[in-house]
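This briefing covers a single structure, grouped by topic. The sequence and the coordinates come first, and the notes follow.

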Amino acid sequence: MQSTSQLLAGKTGIVFGVANKRSIAWAIAQAWAEAGAKLAFTYQGERLKENVEELVGTFGPGTPIYPCDVTRDEDIARVFEQVGKEFGRLDVMLHSVAFAPKDALEGEFVNTSREAFRIAHDVSAYSLVALARGAAPLMTNGGSIITMSYYGAVKVVPHYNVMGVAKASLEASVRYLAYDLGPKKIRVNAISAGAVNTLAARGISGFTAMLKHYEEHAPLKRNLEPRELGSAGLFLASDMSTATTGQVIYVDSGYEIMGM
C-alpha cells in the first residue's frame, strides 16, 4: 500500500483561504505538502499577506503566493494564469473561503439585509463556481476540487443565520459542478467540518457554548482536531477517492447523525 508521504507525489495544487495557523485551509495544506504536493497559495488583502507569507515560508523558498479577492473576476483570472505559468497544470484545489458581515451573524435570520445576503453568497458560494471555472482548464489530467462546508447548511444552528443559507448554496453548487466537470475527470466534493476553534468561528455568537455542546452530544464525545480535517482533505485530493464526487463528507465526530 502506498504510504501517505507519497500519496500526492508529483501533484500540484492551489489553496484559497489560509488566514492564520488555525485555519482549516492550513491544516489541509500541511497534509497535502507532507504527502508530496507542490502548492501555491493566495491571500485576501494586505492585512493577511504577512500571516500567509510567514506560514508558507515553512515550506521553504519558492512557494508561490498570490493576492486574490474572490469577488473580482480579474483577480481570479490572473491567479490561474500565473499558476499555469508556474506549474503547467493543476491537480488539486482547495476552496476554504467564507464571509458574512458580523451583524448578520447576530440576532435573527429574518433581519438579514439584502446586502448581507448578497455578500455572503458571493464570497461563500459563488466564489467556488468562479474558481472551479478558472481551475478546470488547468486540470488536464483530471483533478480534485474541495470546499469546506458546515452542518448549518442543512439544519438550523442559532446565529449562523445567512452563512447557513450560503453554505446550502455552496453544497448545491458542489453537486452541479460535479456533474459539469465529471466528463473531464474532475471531482468536486465538500468537507462538512464540525466545530473547530478557528479565528473565523470565534466571530459566531455563542461559539464557546457550541464547542461544549458538540463534545457532549457527538458519538465520539469530543471535538475534532485540525489534523483530522487534513486527513479528509488528503483522501479527497488523492487517487484513493477517484470514484467520489458531488459528496458532502462529514468530519464532525459523528454529530451529524444525532437526532437529539
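In this predicted model, eight of the eight residues of strand 6 are buried, so the strand is largely enclosed by the rest of the structure. Both of its faces are covered.

**Strand 6 and its partners**

- Strand 5 (residues 143-149) runs parallel to strand 6 and is joined to it by seven bridges.
- One of the residues in this pairing is Gly143, whose bridge partner in strand 6 is Ile186.
- Strand 6 (residues 186-193) is also joined to strand 7 by four bridges, and these two strands run parallel.
- Ala190 has Val248 as its bridge partner in strand 7.

**Asn189**

- Asn189 is a residue of strand 6.
- Its relative accessibility is 0%, and because buried means under 20%, Asn189 counts as buried.
- A polar atom of the Asn189 side chain lies 2.9 Å from the backbone oxygen of Thr244.
- Leaving aside neighbours within four places in sequence, Asn189 is in contact with Ile145, Ile146, Thr147, Val174, Leu236, Thr244, Thr245, Gly246 and Gln247.

- The open sheet consists of seven strands in the order 3-2-1-4-5-6-7, with parallel pairing.
- Strand 3 (65-67) and strand 7 (248-251) stand at the edges; each has a single partner strand, so one side of each is left without a neighbour in the sheet.
- On average, neighbouring strands of this sheet are turned by 20° against each other, direction ignored.
- Helix 2 (residues 46-56) packs on the sheet and touches strand 2 (38-43) and strand 3.
- The direction of helix 2 makes about 160° with that of strand 2.

**Lys38 in strand 2**

- Lys38 has its place in strand 2.
- The relative accessible area of Lys38 is 45%, and the residue is partly exposed.
- Not counting residues up to four places away in sequence, Lys38 touches Lys11, Thr12, Gly13 and Phe87.
- Arg22 and Lys38 are 16 residues apart in sequence, and their C-alpha atoms are 21 Å apart in space.

**Helix 1**

- Helix 1 (residues 24-34) is mostly covered, with eight of its 11 residues buried.
- The buried residues of helix 1 are Ile24, Ala25, Trp26, Ala27, Ile28, Ala29, Ala31 and Trp32.
- Gly36 follows helix 1 and has a positive phi, near 105°.

**Aromatic pairs**

- The structure holds seven aromatic pairs.
- Trp26 and Phe41 form a tilted pair, with 6.2 Å centre to centre and 50° between the planes.
- This pair links distant parts of the chain, with Trp26 in helix 1 and Phe41 in strand 2, 15 residues apart.
- Trp26 and Phe41 are both buried.
- Phe41 also forms a tilted pair with Phe59, at 5.8 Å centre to centre and 35° between the planes.
- Phe41 lies in strand 2 and Phe59 in the loop between helix 2 and strand 3, so the pair ties together parts that are 18 residues apart in sequence.
- Phe41 is buried, with a relative accessible area of 0%, whereas Phe59 is partly exposed, with 30%.
- Trp26, Phe41 and Phe59 form one aromatic cluster.

**Nonpolar cores**

- In soluble globular proteins, nonpolar side chains tend to be buried together.
- The largest nonpolar core has 34 residues, of which Ile14, Phe16, Phe80, Val83, Leu90, Met93 and Ile145 touch the most other members.
- Strand 1 (12-16), helix 3 (73-87), helix 4 (114-135), helix 5 (161-181) and strand 6 each supply at least two residues of this core.
- Helix 4 gives the most to this core, with eight residues.
- Not counting residues up to four places away in sequence, Met93 touches Ile14, Phe16, Trp32, Phe80, Leu128, Leu131, Ala132, Ala135, Met139, Ser144, Ile145 and Ile146.
- A second, separate core of 32 residues includes Val56, Ile146, Leu236 and Val251.

Conventions
Residues numbered from 1 in each chain as written. Predicted model: local features only at pLDDT ≥ 70, side-chain atom pairs only at ≥ 80, totals over all residues. Heavy atoms only, no water. Pairing = 2+ DSSP bridges. Axes fitted to C-alpha atoms, helices over the stretch in contact; angles between N-to-C directions. Contact = heavy atoms within 4.5 Å. Buried < 20%, exposed > 50% of the residue type's maximum accessible area, 1.4 Å probe, protein only. Polar contact = N/O pair within 3.5 Å; in protein donor to acceptor, adjacent residues only side chain to side chain. Phe/Tyr/Trp six-rings, centres within 6.5 Å; stacked < 30°, edge-to-face > 60°. Core = buried A, V, L, I, M, F, W, Y, C linked by side-chain atoms within 4.5 Å.
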